[in-house]
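Visitor: I have a model open and want to learn how to read it. Where do we start?

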Amino acid sequence: MLRAQGRAPDREAGQAAAATRRIAALLAVAGGALAAIATLGPRVLDIRDLGWLLHGTLGPDPVSYLLAWTYFAASPWSWPPGLNPGYGLELSSALFYADALPLLAFAAKALRPLLDIPQYWGPWLALSAALQAGFAWRLLGLAVADPVARALGAVLFAWQPMLLNRMGGHFALAAQWALLWALWLCLRDPPRRQTLHWAACLGTVAMLNAYILAMGAGLWAADWLARLLRARGEGGIGAGRLAVQAAVVPAVAAAALWAAGFFTIAGRLVPVGPGYAETQLDLTAPFDAVEWGRLLPALPGLRHWEHGGSYLGAGTLLLLAVAAGLLGRGRPRAALRRHAVLVAALAAMLAFAVSHRVAVAGHVVVLFELPEPARPLADLLRASERFFWPLAYAAIFAAIALVAGRLPRRSARLLLAAVLALQIADIEAGMARVRALVAAAPPATAERLADPFWEEAARRYLRVRAVPAGNFGPHWEEIARFAARHGLPTDAVYLARVDPDAVAALNARVLGDLAAGRWEGGTLYVLRDAATWTLVAARADPTRDLLAIVDGVSVFAPGWHAP
């Protein structure tokens, strides 16, 4: 009887502690979602508001995402499901290469019989920030017992320029929560269902973003190797499971890539814009408050299109400084030795981010020349500054763990609360900039091609070709918007990667047909240069065909005047 009475208060205390943890976790997730809403404004949650995507204040990328989704939503299901033949035609016809978040596109398309979803990017960004805090909560649970400190730390992970900067246009890169998921898998011990977790992690992110997948794959490889070395040291215990994992995880990731349409391009992949080592990490970037910080000064540094996205924020920098001071009181070498493979992987990703062209305060020192065979591979992940993120998140985790583990509970809570408040006050400058860009967009945008010709052309023709074809070519946006609105397939597109050989082959065929006076049936041509205009003008029949400039766009409409 006495023993039963003694157990009752313990059970009640355990239930109260569990309830406290649940509430803290929910508050952390809500605090994460709030970071996205505070950055973008609540209008992005309206799935019918397309203006902020189409207006152009956030750049051309959101326009391309929406156009790719528009085509995909209206097309029948295909095999693999990520094929999107209307947007790109012969150039690249898959969701993966439009950065249109294939996983969400699949879900939204499946729901269309019940619910029409004109745009899912706003909810996605809020969900990503919530997941960022949620996975941070899970990660911090490995080292932080106090639920209040754990929640404050989890929210700090979401209020990071590394994440929020991506909400200004590169929406798929908001999947940084997958890096926290991967770090949790690397650090937890003992691992339970590790193969299943890694397959889920990499399989999910394979249908979201190639950069996050590459980083996650690097973390998986580090975890697998570390556990293999540990298994050998323990007489081979667990080696069999690791052998299975080595087959299953890559297979699941490859299957997810196949579903998203990654393998639809069989030739070379060439990105838009600069190549590898041209958007590298400047070593001052984590401290450079340019565009994002209000409390710290901007520092000299590279000003390529990735700049500002690696700033850690005044609050995080203060946290790291305090943690560095606390580090001297302990013995970190044992932890570093235990996770030596992970540390090596993080260092390797940092080296890739810095590249062979080391930049410090904007000054570049070339250490060596990249071997020519390696350049095409490196160019696939050309925006290498992003590979700083895994190390940055690992450092933030370690700093919070040190603070929570070595300071009194009340002191740790107060410090983390002050760090979070300082972080928000500092990065509000960058958040306000992004928020203003979204607010500047009207709910509906006017079509740029307003001449009555276009409505008539949409009734007469089956597709729109831009000649010469090319990724991100002249007038791609207005042509693609017109074509998408009327359900006409087009090769006037903006894609993340294209095969230059496919572009060359398409141009050779189409220009050859035009030179021979062979017009593709049901095709409206947009002529992008003077040479093509001259070529067509010499062969068109003015009594049957229309060659004109409409709304600033050169068009050739075969058979326009035919009865």
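Guide: With the record. This is a predicted model. UniProt, in an unreviewed entry, places the feature "transmembrane region" at residues 23–45, 171–190, 196–221, 242–266, 309–328, 340–367 and 387–405.

Visitor: How much helix is in residues 23–45?

Guide: That span is 78% helix and 0% strand. Its end C-alpha atoms lie 24 Å apart. Now take residues 309–328: 70% helix, 0% strand, and 30 Å between the end C-alpha atoms.

Visitor: Let me try one residue. Is leucine 391 buried, partly exposed or exposed?

Guide: Buried means under 20% relative accessible area, and exposed means over 50%. Leucine 391 has 27%, so it counts as partly exposed. This leucine lies in helix α16, residues 389–406.

Visitor: What does leucine 391 contact beyond its neighbours within four places in sequence?

Guide: Leu346 and Leu350. Check alanine 347 too. It is 44 residues away along the chain, yet its C-alpha atom is 7.5 Å from that of leucine 391.

Visitor: And empty space? How do I find that?

Guide: Rolling a probe the size of a water molecule over the atoms shows where empty space is left. Here, the second largest pocket has a volume of about 790 Å³. It is lined by 26 residues, and the closest to its centre are Ala335, Leu336, Ala394, Phe397 and Ala398.

Visitor: Which helix supplies the largest share of that lining?

Guide: α16, with nine residues. Helices α8, α12, α13, α14 and α16 each supply at least two.

Conventions. Residues are numbered from 1 along each chain as its sequence is written. This is a predicted model: local features need pLDDT of at least 70, side-chain atom pairs count only at pLDDT 80 or more; totals for chains, interfaces and linings use all residues. Side-chain values use heavy atoms; hydrogens and water are left out. UniProt positions are given in the numbering used here, feature names are shortened, and annotations may be inferred rather than shown by experiment. Helices (H or I, at least four residues) and strands (E, at least two) are DSSP runs, numbered from the N terminus. Buried means under 20% relative accessible area, exposed over 50%, partly exposed in between (1.4 Å probe, protein chains only). Contact means heavy atoms within 4.5 Å. On a 1 Å grid over the protein atoms alone, a cavity is a set of points where a 1.4 Å probe fits but cannot get out, and a pocket is an open set with protein on both sides within 12 Å along at least five of seven lines; lining residues have an atom within 4 Å of a point. Grid points are joined across faces, edges and corners, and a volume is the space filled by probe spheres set on the points.
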